Amino acid sequence: MWLILHIYLFLSCNYIYVAMMASSGICQLQGHFRLNGMYQDGDLLIGGLFEVQYLKAFPKLSFRTEPKLPHCELFYMTSFQQALTMVFAIDEINNNPHLLPNITLGYQIYDNCLRLGVAFRGATALVSGTEETFSDLNCKGPPPVIGIIGDPGSTHSIAISSVLGLFRLPMISYYATCSCLSDRKKYPSFFRTIPSDAFQVQAMVQILNHFGWTWVGLLYSDDDYGINAAQSFYQDVQEFGGCVAFSEILPNVNNQKEIQRIVGIIQGSTAKVVVVFSTSSYLLPVVDEMVLKNVTGRQWIASEAWATSPVLLASRLKSVLGGTLGVAIRRGEIQGLGNFLLHLRPDNNSQNNMVRIFWENMFGCNFDTRGREGEKKCSGQEDLSSTDTPYTDVSELRASYNVYKAVYALAHAVHDLMQCEEGRGPFSGNSCADISNLKPWQPPRSVCSESCPPGSRRATRKGLPVCCFDCLPCADGEISNTTDATECIACPNDFWSNPEKDHCIPKEVQFLSYEEPLGISLTTAALFGTCICALVIFIFAHYRKTPVVRSNNSELSFLLLLSLKMCFLCVLLFIGRPQLWTCQLRHAVFGISFVLCISSILVKTMVVIAVFKSSRPESKGVMKWFGAAQQRGTVLILTALQVVICAVWLSTASPTPHKNSQYIRSIIVYECAIGSVAGFSLLLGYIGLLAAVSFLLAFLARNLPDNFNEAKFITFSMLIFCAVWIAFVPAYVSSPGKYAVAVEIFAILASSFGLLVAIFAPKCYIIILHPERNNKKAILGRGTQNK
């Protein structure tokens with residue numbers, strides 16, 4: 001989104017940038033937007049952005065000619081009243097001798113057409129000014145506007161404030177409520193006279209809590225306003241014990257298939273209360289579809305964006321929206337505004353074409369009727385007092401009152417700067433602002449934040465209002481009784497709601513059991529490996545006096561086979577319902593068994609190297625360091641260190657059974673929480689260290705002159721072992737639930753079978769199938785031939 005915004009900003013700025021003409025010393029505006037607006041000259045200008053027209057037709061893009069601007073349709077009388085409220089406030093200030101004396105305020109107001117592109121064009125036009133040329137060689141002049149009232153949309157305000165904040169030009173919104181805009185670091189010059197959504201969400205949750213409505217649906221618009229408000233609401237409603245039955249994004253285009261899908265969800269849900277964070281334009285298609293399908297009996301909770309919208313008060317929507325409760329902006333009164341609105345008259349100034357558009361929509365006429373037979377011509381003298389529209393209704397001034405406060409807040413900020421005494425000013429060197437050359441970053445030093453009544457520059461609580469919203473029934477009809485809405489009763493941790501959402505049923509408990517095919521297969525493999533170890537032990541015991549068995553310390557071979565047998569048997573601790581003792585023993589037995597196994601292999605490798613070294617005259621005394629006692633002691637010390645690691649781990653942060661619902665909320669995965677990640681990592685790391693040392697020594701001794709070179713088999717076995725456990729780590733981390741246990745078992749079995757086969761299969765092959773080679777001469781034969 002931001003990439004698109006930056007590209008668009010780049011193109012926009014290139015379209016209106018002011019270029020220095022070196023030859024003539026004149027700065028010329030390179031482009032001029034055709035925007036609907038209202039204009040009045042003054043010593044200082046205040047900019048305005050309003051949603052006066054809210055449907056649009058987009059021209060086709062040929063990429064061969066300059067694209068035309070979107071064509072705006074359907075005049076929004078309520079927003080035009082808000083724009084005229086800004087005009088009224090400025091007129092009132094100009095007639096007030098005590099506020100900004102000797103300074104006349106002017107205005108430049110643009111229609112954003114409810115479109116970010118148009119709003120951005122309007123904002124950049126306000127920033128760059130409206131004069132076609134400057135004669136100043138430095139291209140300097142008074143700022144085009146001292147501040148902007150608007151934009152009403154949160155998404156628009158975020159985009160525009162991101163740019164205007166670079167110049168510290170104040171922007172005071174009367175309708176943008178996204179909590180994200182309260183971030184002063186991101187939006188240093190953004191202010192507003194409406195509370196943020198954090199307050200609105202709290203108010204709506206209080207309404208739900210008051211009526212006991214705990215099972216609700218949620219609809220929200222696909223913009224910053226809707227998304228941020230929905231996220232905040234979802235968190236707050238859970239804190240008071242409520243549940244969100246469904247959460248759907250309203251399409252921002254008239255997608256009939258998507259609208260029908262959403263209506264189907266509302267119709268099929270048992271939740272009878274529906275909360276909506278959206279403007280009326282996004283919600284209206286859904287309500288129309290509900291009227292068509294006769295989906296009634298829902299209690300609607302309206303956000304401030306549509307609670308007072310006259311569009312949704314139509315009689316045809318009463319069957320669906322009757323009894324709606326709304327959270328509305330705080331209402332205020334503006335003396336004289338009603339009379340001011342009735343005295344509006346159009347003129348021929350092209351900069352005031354918004355008034356002409358309003359007039360044509362109000363009276364169904366046209367100022368230009370050339371070539372249009374039967375169309376009524378506007379005279380400009382039609383009587384506004386004979387009309388009855390939201391434009392002339394001043395009984396419910398909410399957003400308009402916020403506009404009124406915004407204009408006064410900015411005016412008081414400038415007035416404060418005028419009262420500055422040199423040497424006691426707020427700027428560098430205690431200087432004051434030059435009102436004739438006001439900088440865009442100077443008014444924010446005095447402007448208020450969030451909510452200020454007219455005449456006040458300081459809000460009550462760190463810029464936040466004490467009271468935020470009015471609660472009102474915003475559609476005719478009786479409010480639903482609390483029994484009409486299905487209550488949400490939170491199920492216990494081990495239970496889940498049934499498909500009908502009216503009973504709690506036990507969650508499925510999942511673990512690697514002996515009864516399922518995967519558990520049976522792994523158990524069979526573990527028992528098979530155990531039996532193979534027992535068979536090899538029997539063979540070695542029977543042929544213990546033969547050269548093959550005695551060639552490399554038969555005692556270490558029996559110790560290695562015993563440790564491998566323990567490795568296979570420890571798999572059984574990983575299968576079945578986790579219990580405290582199995583969780584504690586499974587990794588301890590696994591870690592100790594593998595260290596006993598690897599340390600035996602390491603000592604065997606060291607003995608092979610020592611035997612070869614001792615055959616050389618210069619190394620006759622090497623074998624005294626590798627006697628039977630030294631071999632047993634080395635294995636014992638190396639294994640004892642792993643025992644200490646396991647003991648510390650189990651005593652400080654022991655693994656325990658844990659019911660995990662994070663993978664799938666309706667399933668409980670019964671697993672062993674490892675307790676300490678550091679302990680588990682140290683256990684595996686120590687095994688890996690011994691394996692790496694064993695592999696390195698065996699690899700270096702792989703070419704020793706011996707017909708039966710055990711170092712080769714050890715090298716191959718350790719290569720298998722290291723490969724299995726290197727692959728185990730990512731597979732274990734990425735596997736969910738019981739499959740993580742299966743991955744660990746597979747790694748144990750694969751590495752154990754690898755060691756068993758690689759080290760003992762060649763020996764058993766000679767002992768059983770080729771006994772003629774089981775003699776000292778045959779074993780040392782190749783070594784003799786190579787000498």
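**Cysteines, rings and a strand**

Let me begin with one cysteine: the sulfur of Cys597 lies 5.3 Å from the closest cysteine sulfur, which belongs to Cys567, and that is too far for a bond. A disulfide here is a pair of cysteine sulfur atoms within 2.5 Å. Cys597 is also buried, with a relative accessible area of 0%, where buried means under 20% relative accessible area, exposed means over 50%, and partly exposed is in between, for a 1.4 Å probe and protein chains only.

Before I go on, please keep in mind that this is a predicted model, in which local features need pLDDT of at least 70 and side-chain atom pairs count only at pLDDT 80 or more, while totals for chains, interfaces and linings use all residues. Residues are numbered from 1 along each chain as its sequence is written, and side-chain values use heavy atoms, with hydrogens and water left out.

How many disulfides does the structure hold? There are 4 disulfides, and I will go through some of them. One of them joins Cys178 to Cys180, with 2.4 Å from S to S. The torsion about this S-S bond of Cys178 and Cys180 is about 125°, so the disulfide is right-handed.

Next come Cys583 and Cys672, which form a disulfide with their sulfur atoms 1.9 Å apart. Is this disulfide of Cys583 and Cys672 left-handed or right-handed? The torsion about its S-S bond is about -75°, so the disulfide is left-handed. Cys583 lies in helix H16 (residues 580-614) and Cys672 in strand S22 (residues 667-673), so the pair ties together parts that are 89 residues apart in sequence. Both Cys583 and Cys672 are buried. Cys533, on the other hand, is in no disulfide, and its nearest cysteine sulfur, that of Cys567, is 8.4 Å away. Cys533 is buried as well, with a relative accessible area of 0%.

Now to the aromatic rings. A pair of aromatic rings is described by the distance of the centres and the angle of the planes. Rings of Phe, Tyr and Trp (its six-membered ring) pair if their centres lie within 6.5 Å, and planes under 30 degrees apart count as stacked, over 60 as edge-to-face and the rest as tilted. A search of the whole structure finds 26 aromatic pairs. Among them is the tilted pair of Phe721 and Trp725, at 6.3 Å centre to centre and 45° between the planes. Both residues lie in helix H19 (residues 710-734), 4 residues apart, which is about one turn of the helix. Phe721 counts as buried at 2% relative accessibility, and Trp725 is buried at 13%. Elsewhere, Phe75, Phe80, Phe358, Trp359, Phe363 and Tyr391 form one aromatic cluster.

Finally, please look at strand S14 (residues 273-277), which is mostly covered, with 5 of its 5 residues buried. Val273, Val275 and Phe277 point one way from S14, while Val274 and Val276 point the other way. Strand S12 (residues 215-221) runs parallel to S14 and is joined to it by 5 bridges, where two strands pair if DSSP finds at least two bridges between them. In that pairing, Val216 stands opposite Val273. S14 also pairs with strand S15 (residues 299-302) in the parallel sense over 4 bridges, and there the bridge partner of Val273 is Gln299.

Conventions:
Helices (H or I, at least four residues) and strands (E, at least two) are DSSP runs, numbered from the N terminus.
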